[in-house]
Structure formats: C-alpha cells, structure tokens
Amino acid sequence: MRIAQLVSPLNATTRRSNKAIYSHVGTLCDEMQHAGNEMHLFASGDSKTDAKLHAVNESYLDIPEISDFERTYSTELLISECYEFAKHLDIIHSHFTLKTAFFTGLVDVPTVVSVHSPIRDELKPFLRKFKSNYYVSFSHAQRKQLPDLNWFANIYHGIDTKLFSYKAKPEDYFLYIGRIVEEKGVHIAIEAAKQAGAKLVIAGRSYQTGGYWQKQIEGLIDDKQIIYVGEANLERKIELYQNAKAVLFPTQFEEPFGLVMIESMSCGTPVIGWDNGSVREVLKDGVSGYVVNDLKSMVDAMKSIDGISRQACRERAERLFSNETMVEGYLRVYNRVLEDQKRLQN
C-alpha cells in the first residue's frame, strides 16, 4: 500500500520525539515501511524516518525570529504538496484535525484523519461541513466532543514497550510529567503530595507566559519535597517513570488520550488519574492505578498505592497499548477505507 503520513512541519518527526504527535507519526512511518508498505512522510526537513521524506522547511517552532506568517504558510504549502502528490498514493493519513479537510474533496485518494487534540468549539461548525470524512479517535470518550462526525475507527496510542521497560521496585517519590499548564492540574498534584506527606518530582516544560508557573507553581518548589527537574529527554523520562511509586495525572480537561498513562504503565508504574476524558478508559481502576474525582481521593490513592501490582500495570500496557497493536489497527482501517471507497463508487 502507498501511504502518506502528513503532519505539521513545525517540529521534527521521529519515533524518539518527546512530543506525542511526532513520535506517533514517526512510529507509524517506520513500522509500516518495515511491514512492506511504501511510506511517504510529509513533515519538516530535519525529521528522521525510514519513509521517503517530503519537506518544505526545517522545524522551527522554537525559533523566535521565524514569523507566524512563515509558520502558517509553510504548513499550508506542505499540505498542498501532499495533495498534489496524491495521484501516487492509495491513502493520505492526516494528523491535522481540520486543515486538510479543505483538500479532501479535490482528489480521488481518501484521507484518514487522526484527531489528536480536543475539538474546540470554534472548530465544530467547520468540522460538521466535513463530517463524512474518515475520522479516527484515540479513545471512545474523545468522540463525545462531536458525536456526529464519521468516527470510522478507534485506535489507542501505542508505545515501544521494550524501550519503556519494566522495573519492579521503585524509589520513594511520586511523579508529575508533562506540560506545566493549568489544564493539566499540576497545582493539584503539588497539593496532593503535600497533604500525603510525599515527595513529588515534576518534569516538563514551564511556560513564562500566562502567569500559571509564576503564580501557582514556582513558589511551591522547595527542592526537598516538591522538586522540579525541567523538561526531561527520552532517556531521563523513562528513568523517572521506572523509579516512581506512581504517576499523578490530575488532568482538568477532557483528555483525548493521555500518552503519559501508557508510558508509565509500560514501566510498571501505576497512575492516579482524574476522571476526565479518556482516563477511565485507559486506566483500569484498582488494577493499573486509581481513578479519582477530587483532592481527597487522590491523597487516599497515594497512600494506598502499594496495593497496586506493578506487574499488572505492565501486562495491561503490553496487551492494549503496544506499537504492534496500533500499527495493525491502522493498516486494517486503511483497508476498510479503500473497501468503503469502492462501495461508494459502485
């Protein structure tokens, strides 16, 4: 099968990326190429892939001198080039929720769309105009944001369970890992650690705009009980997961999936997650961690975490969230889409 993966060129795509979308796309490209498919990656020029790379620029999300104008139109140019190339393809797999919808009716090749982010209200009227396109969710909970889309399949994220390897005995700390923004509930993780009398390690990017870091986080870091270690690279991230008693995941919005949860479980580390979005779907309450609804229940779960089997966490990750399972799922979807196209043409 001739397949294009189309992703934003603002960051480099590689299966070892620390950014979920780019590692996801990098993994799909490499694994599908190894399975005998002809893979084309439309992404930034510094991406690392076993697929044929098509690019219009290097990645430059973090380069301040690059204008918003250039970022926007580089992205539009890449999308345009992908659809110009469509005659050489069987499937285009877009990782833009909306932007590629304006091109799908212009070519005969079908587009599969993975919806990576929450569907904001301002996007909904536009998406409804393209609701018959082929959409893939990462959790069934995600579909509640816009039920009338043609949700053609649900495929959970996958990870390299060999890379995120199991460790049976942790050290004495809890972990928050991810973006340090209010919707992720980092302040709740800190308060839970304080009430539980537990050490909390925080890893992730802090943002100087918006005031959340300065007003609610920075002053609580004491480097004894509440420790901030900055943004962790892949190797450091795995080490932090493996040695944590549990990961705290107090998300305060409708989480589409939550890659952190499966990375943690793969290392044998249970997750204490707030009951929003996909959390109850990804975790199995009482088996791979605890699903909680308030601060008190998070504190209680932290005190009870030794009752969760780390081996059970690992087994759940291997069974449901491996790269192999994910890739097989997408290849089945592509074949179903092609069959559906034949049916519609007859």
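Which residues of α8 are buried? In α8, the buried ones are L259, V260, M261, I262, E263, S264, M265 and S266, where buried means under 20% relative accessible area, exposed means over 50% and partly exposed is in between, using a 1.4 Å probe and protein chains only. Keep in mind that this is a predicted model, in which local features need pLDDT of at least 70, side-chain atom pairs count only at pLDDT 80 or more, and totals for chains, interfaces and linings use all residues. Residues are numbered from 1 along each chain as its sequence is written, and side-chain values use heavy atoms, with hydrogens and water left out.

**Helices**

Helices here are DSSP runs of H or I with at least four residues, strands are runs of E with at least two, and both are numbered from the N terminus.

- Helix α8 covers residues 259–266, and because eight of its eight residues are buried, α8 is largely enclosed by the rest of the structure.
- Helix α5 runs over residues 186–196, and its buried residues include V186, I188, A189, I190, A192 and A193.
- G197 follows α5 and has a positive phi too, near 65°.

**Where α1 meets α12**

- The axes of α1 (residues 20–34) and α12 come within 10 Å and cross at roughly 75°; axes are lines fitted to C-alpha atoms, for helices over the stretch in contact, and angles run from 0 to 180 degrees between N-to-C directions.
- That makes α1 and α12 roughly perpendicular to each other, a label used for 65 to 115 degrees, while under 35 counts as roughly parallel, over 145 as roughly antiparallel and the rest as oblique.
- On the α1 side, the contact is made by H24, T27, L28, E31 and M32, and contact means heavy atoms within 4.5 Å.
- On the α12 side, the residues are N323, M326, V327, Y330, L331 and Y334.

**Cysteines**

- A search of the whole structure turns up zero disulfides, a disulfide being a pair of cysteine sulfur atoms within 2.5 Å.
- C267 is in no disulfide, and the nearest cysteine sulfur, that of C313, is 11 Å away.
- Seen from C313, the closest cysteine sulfur is in C267, and 11 Å is too far for a bond.
- C267 is buried at 0% relative accessibility, and C313 is buried at 0% as well.

- S322 sits in the loop between α11 (310–320) and α12 (323–345), and S322 is buried, with a relative accessible area of 7%.
- Not counting residues up to four places away in sequence, S322 touches G158, I159, T161 and A317.
- T100 lies in the loop between β4 (91–94) and α3 (101–104), where T100 is buried at 0% relative accessibility.
- A polar contact of 2.8 Å links the side chains of T100 and S94.
- Beyond residues up to four places away in sequence, T100 touches L6, I79, Y83 and S94.

**The loop between α6 and β10**

- L220 is found in the loop between α6 (212–217) and β10 (226–228), and L220 is partly exposed, with a relative accessible area of 34%.
- L220 and H187 are 33 residues apart along the chain, with their C-alpha atoms separated by 9.0 Å.
- Leaving aside neighbours within four places in sequence, L220 is in contact with I190, K194 and I226.
- D223 is in the loop between α6 and β10, and D223 is exposed, with a relative accessible area of 57%.
- Phi of D223 is near 65°, a positive value in a residue other than glycine.

**V109**

- V109 is in the loop between α3 and β5 (111–114), and V109 is buried, at a relative accessible area of 11%.
- Leaving aside neighbours within four places in sequence, V109 is in contact with A86, L89, D90, I91 and I92.

Key. A polar contact is a pair of N or O atoms within 3.5 Å; within protein, one must be able to donate a hydrogen and the other to accept it, and residues adjacent in sequence count only if both atoms are side-chain atoms.
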